[in-house]
Amino acid sequence: MMARAFILVIDSFGIGAAPDAEKFGDAGADTLGHIAQECAAGRANEDGLRNGPLSLPFMASLGLGKAAELATGRIPPGLETESVRGLYAAAREQSRGKDTPSGHWELAGVPVLFDWGYFPPEYPSFPQPLVNELVRRGNLPGILGNCAESGTEILQRLGAEHVRTGKPICYTSVDSVFQIAAHEEHFGLERLLNLCELARELLDPYNIGRVIARPFTGEPGAFMRTPNRRDYAVPPPEPTLLDILQQAGREVISVGKIADIFAHRGITRALKGPDTATLMDQTIAQAHGAPQRALVFTNLVDFDSVYGHRRNVAGYAAALEALDARLPELEAALGPEDAAFITADHGCDPTWRGTDHTREYVPMLGFGPACPTGSAGIRSTFADLGATVARHLGVRLQRGTPLQPQD
């Protein structure tokens, strides 16, 4: 059997508020729908970047508009299509959070049914004993931040003081996360990564999902993040699809931050890249060269970190259109028994208040020679995608029901 599977996670690409969105303050959020509406109204035009209605012909042909209709009752403007040639569904999340690890782990068959630990947004966010131990063992003069804030905003506010004092910038968000930003030259990249490993150890008793290294370069007024971000996640509480495949002797090739999200468990090869274009290059290269019965699992983080969190509608739309233009290359590289799937891990509506993730349905779009076509309806868990891939590759998951056309 030459069957292979490809999962492409468009990080934060929600398609409408989930039934429990009100609990998260997200009733009415709709990442795809609101982007499409802004484009159709001419409010997402930007010279040299994009203009006009949202144009996603490849994903629309797979049923993206129809998946959004399942979630919201309407097809977003620009995504109408006469016929659908892919498998499509709208899936709601079973996990209790709207964070990256929860979404990805559930896609791989392990919903997060416990509560993460969180830090309060107000200064000081972090318990003093934690700060004291981090400063002592990290040999630091102190820390800056100690609050919940946008990563780009806190960088501009505290970056100069960080360079002057040598104190790393530590901050959180509504997610279960502890982030550390430091200048690659003035503080040192290796020192930052070592500090994050220490923080990971210290944070385990607090049940914090991720520690994130946020290296940056530049001078005051012109600081910029580098591609050397690193996520230090706790491992999933049960074997995931990735573990099961690895134990069965299969190749599990991660592209982007997938390996970090799964604490490098169940991964046989990890590929990284600085942007969506590079990550797509690597994914398409694996479609040409990955061995039989392999899983290629890709995360495209820029949709979330560069556009969603920064509430950049035009940038998000342009990035979607650029991705859509690359997808035919992936399809052309698929073998006769391959199946590929496009999905997301949560929403991050760039028109929504604040800068945080939004609780939304996500699309599940299937294509390729071995993929059936039609509507698979509304799904009660992201794990249905993992179950679909597991069946395709000849293994089994404990949770999830494989996607099947209902019409």
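Buried means under 20% relative accessible area, exposed over 50%, and partly exposed in between, with a 1.4 Å probe and protein chains only. On that scale Tyr206, at 31% relative accessibility, is partly exposed. Phe119 is buried at 8%.

This is a predicted model: local features need pLDDT of at least 70, side-chain atom pairs count only at pLDDT 80 or more, and totals for chains, interfaces and linings use all residues. Residues are numbered from 1 along each chain as its sequence is written, and side-chain values use heavy atoms, with hydrogens and water left out.

**Aromatic pairs**

Rings of Phe, Tyr and Trp (its six-membered ring) pair if their centres lie within 6.5 Å; planes under 30 degrees apart count as stacked, over 60 as edge-to-face and the rest as tilted. The whole structure holds eleven aromatic pairs. Two of them are tabulated here.

| Pair | Centre to centre | Angle between planes | Class |
|---|---|---|---|
| Phe119 and Tyr206 | 6.3 Å | 50 degrees | tilted |
| Tyr307 and Tyr316 | 6.5 Å | 50 degrees | tilted |

Tyr316 is buried, at 0% relative accessibility. Phe119 and Tyr206 also belong to a cluster linked by ring pairs, together with Phe126 and Phe178.

**Charges over rings**

A charge sits over a ring if NZ of Lys or CZ of Arg is within 6 Å of the ring centre and within 35 degrees of the ring normal. Arg191 sits over Phe187, 4.1 Å from the ring centre. Arg85 lies over the face of Phe58 at 4.9 Å.

**His392**

His392 is buried at 16% relative accessibility. Its side chain lies 3.0 Å from the backbone oxygen of Arg4 and 3.1 Å from that of Glu337.

Methods: Polar contact = N/O pair within 3.5 Å; in protein donor to acceptor, adjacent residues only side chain to side chain.
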